[in-house]
Amino acid sequence: MKNLLKVALGAAMLLSISAHAHYELISSTPGEGTLLTASPSQIKLTFSGEVRLISVELLSDSGDTQALDFTMSRTAQAVKEIPVADDLSAGTYTVEWRAMSSDSHRISGAFSFEVK
């Protein structure tokens with residue numbers, strides 16, 4: 001009986017830990033390190049769970065901010081598509097994003113791609 005109780009307690013702890021796992025970016029389009037032959041029309045972010053996207057910035061290799069048609073998410077979503085407002089010239093670009101997961105933890109990250 002004690003062993004059964006230990007197993008049940010262990011399982012409950014594992015479920016509790018996995019329920020509080022933080023979400024993360026699992027893919028993006030363009031992807032990290034992608035070489036594009038044309039300017040992307042949008043940036044697509046896919047997360048491991050539903051998040052509220054707080055900010056997204058697109059920076060050129062000179063540090064200039066490029067225009068995106070982005071507004072902060074009012075509802076949580078696992079996939080967010082952000083239109084790129086203008087055609088990007090040749091160069092390397094970095095996407096910096098910040099989001100809040102359903103458990104109120106802030107997550108952030110960045111990735112780069114190149115336009116030829």
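## Working through the strands

Gly91 has Val115 in S7 as its bridge partner. Strands here are DSSP runs (E, at least two residues; helices are H or I, at least four), numbered from the N terminus. The model is predicted, so to speak of local features the pLDDT has to be at least 70, side-chain atom pairs count only at pLDDT 80 or more, and totals for chains, interfaces and linings use all residues. Residues are numbered from 1 along each chain as its sequence is written, and side-chain values use heavy atoms, with hydrogens and water left out.

**Exercise 1. Work out how S6 is paired, and with which strands.**

Step 1: take S7 (residues 106-115), which pairs with S6 in the antiparallel sense over 10 bridges. Two strands count as paired if DSSP finds at least two bridges between them.

Step 2: turn to S3, which is joined to S6 by 9 bridges and also runs antiparallel to S6.

Step 3: look at the hairpin of S6 and S7, with 4 residues between the strands. Ser104 sits in that loop and has a positive phi of about 70 degrees, although Ser104 is not a glycine. Ser104 is also exposed, because its relative accessible area is 53% (buried is under 20%, exposed over 50%, partly exposed in between, with a 1.4 Å probe and protein chains only).

**Exercise 2. Describe the largest nonpolar core.**

Step 1: know the rule. Such a core is a set of buried Ala, Val, Leu, Ile, Met, Phe, Trp, Tyr and Cys residues joined through side-chain atoms within 4.5 Å.

Step 2: size it up. The largest has 21 residues, and Leu45, Leu53, Val56, Trp97 and Phe113 have the most contacts inside it. S3, S6 and S7 each supply at least two of its residues, and the largest share, 7 residues, comes from S3.

Step 3: zoom in on Trp97, whose contacts beyond four places in sequence include Leu25, Phe47, Ile107 and Phe111.

**Exercise 3. Track down the salt bridge and the cis peptide bond.**

Step 1: apply the cut-off (a side-chain nitrogen of Lys or Arg within 4 Å of a carboxyl oxygen of Asp or Glu). The count comes to 1 salt bridge: Lys116 with Glu114, closest N and O atoms 3.4 Å apart.

Step 2: check the partners. Lys116 is exposed at 58%, whereas Glu114 is partly exposed at 28%.

Step 3: go to Thr29 and Pro30, where the peptide bond is cis, with omega near 0 degrees. Pro30 lies in the loop between S1 (25-29) and S2 (35-36).

**Exercise 4. Judge the confidence.**

Step 1: the mean pLDDT (the predictor's confidence in each residue, from 0 to 100) is 87, and 82% of residues reach 70 or more.

Step 2: over residues 4-20 the pLDDT is below 50, and this stretch has 1 contact in the model beyond near neighbours in sequence.

How values were computed: Contact means heavy atoms within 4.5 Å.
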